[in-house]
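I opened my notebook today to look up a few spots in a new model. Come along and look with me.

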Amino acid sequence: MESKMPPKVNKQWLNFAVTTVIFLIVLNFFISPGLDENPVMEVDYKAFVTMLEEGDVESVLVEENRIEFTALDDEGVESTFITGRMEDPQLTDRLLLADVKFEKEIIEESSSLVNFFLIWILPMALLYAFWVFMMRRLQGKVGGLGGSEMKFGKSNVMIYAASETGKTFADVAGQDEAKEALWEVIDFLHNPQKYREIGAKMPKGILLVGPPGTGKTLLAKAVAGEARVPFFSISGSEFMEMFVGVGAARVRDLFNQAQAKAPCIVFIDEIDTIGKSRNLSGITGNDERDQTLNQLLNEMDGFSSEKGVVILAATNKPEVLDKALLRPGRFDRRVPLELPDIAGRQAILEVHAKSVKMDGDVDLKEIARGTPGSSGADLANLINEGALHAIKEGRSKITQSDLEYALEIILAGYQRKNAILSKEDKRTIAYHEIGHAIVAAKQTDSAPVNKISIIPRTSGVLGYTMQSEETDQVLLSRDKFLNKIITYMGGRSAEEVILNTVTSGAANDIEAATAIARAMVTRYGMSEKFDMMALETINNPYLGTDATSLVSNETSAEIDDEVLLIIKFAHEKAKEIIRENLPKMHEIANHLLEKETMSGEEFMEMLMR
Ligand SMILES: Nc1ncnc2c1ncn2[C@@H]1O[C@H](COP(=O)(O)OP(=O)(O)OP(=O)(O)O)[C@@H](O)[C@H]1O
Ligand SMILES: [Zn+2]
């Protein structure tokens with residue numbers, strides 16, 4: 001959170017510092033009582049005995065582990081000395097002989113109750129007092145920490161914070177359609193009379209819909225930032241409490257606050273957790289959620305948008321939302337956010353590159369090309385991983401190699417340095433990956449190989465072959481789909497043809513290939529048998545392939561047959577390509593075994609040689 005009131009913040013920090021220091025001093029007092037004011041000199045036992053024999057010692061206190069005594073020092077001044085207590089049976093005789101005052105410390109068995117109090121109760125009480133004090137301070141001061149205002153509900157949880165977000169549309173790369181749709185809201189918050197005069201009604205609720213990490217939260221903050229209005233934020237899951245009624249109370253509280261601060265933006269993240277259709281919740285209804293949802297609906301009906309409260313909500317599961325939430329006057333507008341295309345990815349990388357130190361020759365377009373399907377959050381993370389790697393390597397700027405390293409982490413996970421693989425496994429993995437690569441390269445119109453690696457990763461990946469397209473793929477032809485499936489078959493095919501075994505290493509390939517083949521049959525009308533008949537419908541375009549079958553059981557079995565046909569065809573084709581390129585397979589796999597990674601250029605160079 002950023003603040004626009006530095007003096008206030010400074011004062012706040014000063015208070016905090018002073019309180020902390022006082023607290024520490026008090027604590028210290030209890031932990032180490034009795035620091036001596038007089039300097040105490042430490043001497044060895046022999047010196048003690050010598051001083052005793054020479055009659056310099058005046059009085060002696062024998063303690064558990066040490067002996068404290070007063071004596072005249074070199075200048076004849078009386079001082080306090082200590083020495084470690086030795087196992088010395090003649091000590092008493094020596095002391096009597098020297099005729100000094102001496103006593104032994106009486107070790108008091110302090111009562112366990114007192115101990116318990118000192119060790120447990122007192123520190124706890126102090127901590128509690130300190131905590132209460134800080135809480136009071138936070139609540140009491142309007143504008144609390146960093147200029148934001150916190151509110152503590154009955155259960156002492158922070159339920160929402162209104163703050164200046166400090167974000168603007170410049171922080172959101174791409175997503176132009178979404179921005180345009182939201183400009184109207186900003187204009188309205190700036191200038192409500194204009195809308196009132198003409199009688200136009202602003203929508204009360206806008207639903208931001210899109211896959212995870214596409215910047216829904218960021219965009220909502222940017223709207224508040226552009227409109228310069230307070231931003232109230234809460235996540236749907238925070239409404240859900242164990243006790244019935246708490247969620248509803250929070251909704252009421254939130255809307256009271258928001259209306260008092262209007263014009264403002266209220267942002268509800270993960271609205272699907274409260275807004276899930278009441279029909280979908282099954283026989284055992286969820287009372288708490290129903291109450292919370294009803295309260296939300298009531299509140300939305302109860303205020304008019306003229307006041308200037310606009311509610312933005314985010315979800316990546318729009319299909320589960322209760323229809324009541326989507327009626328006119330509630331969340332009746334939907335702004336879709338998409339995963340960024342190649343230009344969008346580059347723009348997002350550029351936005352995040354601004355906040356770090358980049359070497360002049362980094363090529364963000366190259367990175368954008370290598371990250372199809374990545375979200376804005378992934379890309380922000382990529383830049384950060386790159387920065388961390390640069391630091392680790394002792395650089396002061398992020399170079400292309402740092403970004404490439406980060407890209408691998410985002411796609412495949414961290415390197416597993418201590419993974420122990422047998423020679424045999426390593427060889428299998430090398431042939432498997434080169435199998436993918438050669439099958440890909442030997443087909444026309446498939447994406448070029450970018451990188452091949454057989455370094456195990458924390459994600460469980462043992463090796464990978466990365467391909468990247470020059471442009472984003474919007475329309476995929478039947479051939480392109482087949483090419484992809486054949487490439488997936490390349491790994492297992494190499495194992496079969498060359499090593500004469502099959503391993504579990506192809507599990508992910510099998511799954512991915514089957515998903516494509518099934519979609520070709522059920523959704524894209526690419527099978528002879530079913531022509532252009534829709535066999536499946538996709539429930540949620542934002543979360544991959546959650547599909548509902550539209551067909552009878554008999555047809556289902558026929559679909560399976562069609563899918564199998566495609567898979568078998570592709571598998572044969574892949575084996576054929578491997579057989580035709582045996583010498584190259586051996587040559588490049590051996591090279592990879594030695595080097596563990598190779599670039600796309602290196603691979604193509606060896607293949608074409
Ligand atoms: N278009 C974008 N431009 C710049 N940065 C982006 C963009 N999209 C996402 N990001 C980065 O990703 C981070 C996460 O995005 P955000 O939390 O807004 O996504 P979200 O859609 O709300 O995700 P979720 O559904 O997981 O809550 C942002 O803080 C930002 O750093
Ligand atoms: Zn594979």
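I began with E433, where UniProt, in an unreviewed entry, places the feature "active site". UniProt positions follow the numbering used here, feature names are shortened, and annotations may be inferred rather than shown by experiment.

A note on what I am looking at: this is a predicted model, where local features need pLDDT of at least 70, side-chain atom pairs count only at pLDDT 80 or more, and totals for chains, interfaces and linings use all residues. Residues are numbered from 1 along each chain as its sequence is written, while chains are lettered from A and ligands numbered from 1 in the order in which they are written.

I found E433 in helix α16, residues 423-441. (Helices are DSSP runs of H or I with at least four residues, strands are runs of E with at least two, and both are numbered from the N terminus.)

Is E433 buried or exposed? I noted it as buried, because E433 has 26 C-beta neighbours inside 10 Å. The cut-offs are 20 or more other C-beta atoms within 10 Å for buried, 12 or fewer for exposed, and partly exposed in between, with C-beta atoms placed from the backbone.

Next I turned to strand β3, residues 66-72.

I then checked the partners of β3; strands pair if DSSP finds at least two bridges between them. β2 (residues 57-62) pairs with β3 in the antiparallel sense over five bridges, and V62 stands opposite I67.
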